Amino acid sequence: QIVTYPFGCVYTHVITLVVKKGNFLVVPDAFTPNDDALNDTFRPLAKGLKNVQLSIYDTWGSLLYFEEGTVLRGWDGKIKGMQAENGNYYCKVTAQTFYNTIVNINHPFVLIK
């Protein structure tokens with residue numbers, strides 16, 4: 001904005017606007033389900049998204065866990081009540097934006113005991 005006063009003085013004021021997409025989705029690379037209250041569940045961090053779906057698969061592609069909602073509890077590292085083994089797993093996260101655009105993330109991660 002530039003303002004020029006009657007006696008020739010000029011005042012300039014600049015404002016910078018940062019426009020972001022309004023949502024984000026972050027998926028962790030590892031988690032440690034050892035009941036120490038730190039990283040005990042595997043879940044994505046989502047903001048500005050709805051209908052978030054989390055699917056967890058083992059190395060052979062078997063579905064181990066599925067959850068859907070706006071706020072997710074996350075996978076506790078158990079398969080049929082038993083602790084899963086250390087190793088590599090795979091997740092698929094799907095969510096919907098305010099404008100009903102679908103966001104997909106396919107991401108490997110590590111379970112560490």
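The model is predicted. Its C-alpha trace spans about 80 × 30 × 20 Å along the principal axes.

**Secondary structure.** The chain has 11 strands and 0 helices. Read along the sequence, the pattern is β-β-β-β-β-β-β-β-β-β-β.

Five strands form an open sheet with the order 4-11-10-6-7. Pairing in this sheet is mixed. Which strands lie at the edges? They are strand 4 (30-31) and strand 7 (63-69), and each pairs on one side only. Strands of a sheet pair through backbone hydrogen bonds, either parallel or antiparallel. In what sense do strand 4 and strand 11 pair? They pair in the parallel sense, over 2 bridges. Strand 11 covers residues 102-111. Within it, Val 110 stands opposite Ala 30.

Of the 113 residues in the chain, 28% are buried. The chain exposes about 8300 Å². Carbon and sulfur atoms supply 56% of that area. Among contacts between residues at least 6 apart in sequence, 48% join residues at least 24 apart.

| Share | Value |
|---|---|
| Buried residues, of the 113 residues | 28% |

**Charge.** The chain carries 10 positive and 9 negative side chains. The centres of the two sets lie 10 Å apart.

Conventions:
Residues numbered from 1 in each chain as written. Predicted model: local features only at pLDDT ≥ 70, side-chain atom pairs only at ≥ 80, totals over all residues. Heavy atoms only, no water. Helix = DSSP H or I, 4+ residues; strand = E, 2+ residues; numbered from the N terminus. Buried < 20%, exposed > 50% of the residue type's maximum accessible area, 1.4 Å probe, protein only. Contact = heavy atoms within 4.5 Å. Areas by Shrake-Rupley, 256 points an atom, 1.4 Å probe, with all protein chains shown as cover. Lys, Arg positive; Asp, Glu negative; His and termini not counted. Charge placed at Lys NZ, Arg CZ, Asp CG, Glu CD. Pairing = 2+ DSSP bridges.
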